Amino acid sequence: MPIYLAAAIVLYRQKEILEIECDMCILHGLLSKIPDDLPYEQLIVRAGELYQKYSPDELAHEAILNFKRSQELAKARIQNRQRPVQKKVVKRKRWISLFYLDGSSIYLKLTFWTLTAVFSAALIAYFKSSNWEKGWWT
């Protein structure tokens, strides 16, 4: 109940709080000094209304849900930051694995080496059919 009474006091002094300079020291000084001329009976009734409108169980449940949502967002952000790095590592491993016989992606390796052999044979045939004896590098 003291929290609801404090909230009722802040709501009662809303204009005064919003009119001051936006500085933590000044705001703390204003909120830490409770005036003597407050209508305490009205504030207690207002605190009771706030208690009924926003029950502690309801507020606790909402706070737990907000906390879980913020944790899920933080996890998603971390995963999004790490995901591109993981993709690059997988791509590098894929190309490096072409040169080692480890049993993985045999069709990819077979295609790669077949295309390499065909391309090399085509280059050799081209250079042999051209002026190879004169020197193709000149």
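## Helix packing and exposure in a predicted chain

At 32% relative accessibility, Ala-7 counts as partly exposed, a class that lies between buried, meaning under 20% relative accessible area, and exposed, meaning over 50%, with a 1.4 Å probe and protein chains only. The structure is a predicted model, in which local features need pLDDT of at least 70 and side-chain atom pairs count only at pLDDT 80 or more, while totals for chains, interfaces and linings use all residues. Residues are numbered from 1 along each chain as its sequence is written, and side-chain values use heavy atoms, with hydrogens and water left out.

The chain holds 6 helices and 0 strands, where helices (H or I, at least four residues) and strands (E, at least two) are DSSP runs numbered from the N terminus. Following the sequence, the pattern reads α-α-α-α-α-α. Of the 138 residues in the chain, buried ones make up 11%. Contact means heavy atoms within 4.5 Å, and among contacts between residues at least 6 apart in sequence, 46% join residues at least 24 apart.

Ala-7 belongs to helix H1, and the C-alpha atoms of Ala-7 and Ala-47 are 7.4 Å apart in space, although the two residues are 40 residues apart in sequence. How do the axes of helix H1 and helix H4 cross? The axes of H1 (residues 2–12) and H4 (residues 40–53) come within 8 Å and cross at roughly 115 degrees, which means that H1 is roughly perpendicular to H4. Here the axes are lines fitted to C-alpha atoms, for helices over the stretch in contact, and angles run from 0 to 180 degrees between N-to-C directions; angles under 35 degrees count as roughly parallel, over 145 as roughly antiparallel, 65 to 115 as roughly perpendicular and the rest as oblique.

On the H1 side, the residues that meet H4 are Tyr-4, Leu-5, Ala-7, Ala-8, Ile-9, Leu-11 and Tyr-12, and their partners in H4 are Leu-43, Ile-44, Arg-46, Ala-47, Leu-50 and Tyr-51. The residues of this contact divide into 12 nonpolar, no polar and 1 charged, where Ala, Val, Leu, Ile, Met, Phe, Trp, Tyr, Cys and Pro count as nonpolar, Asp, Glu, Lys and Arg as charged, and the others, Gly among them, as polar.

Ile-17 is found in H2 (residues 14–19), and Leu-31 in H3 (residues 24–32). Leaving aside neighbours within four places in sequence, Ile-17 is in contact with Val-10, Leu-27, Leu-30 and Leu-31, while Leu-31, not counting residues up to four places away, touches Val-10 and Ile-17. The table places two C-alpha separations from this region side by side.

| Residue pair | Apart along the chain | C-alpha separation |
|---|---|---|
| Ile-17 and Leu-27 | 10 residues | 7.3 Å |
| Leu-31 and Arg-13 | 18 residues | 9.3 Å |

Is Ile-17 buried or exposed? Ile-17 counts as buried at 16% relative accessibility, whereas Leu-31 counts as partly exposed at 39%.

Finally, the cysteines can be considered. Cys-22 is exposed, with a relative accessible area of 85%, and Cys-25 is also exposed, with a value of 62%. A search of the whole structure finds 0 disulfides, a disulfide being a pair of cysteine sulfur atoms within 2.5 Å.
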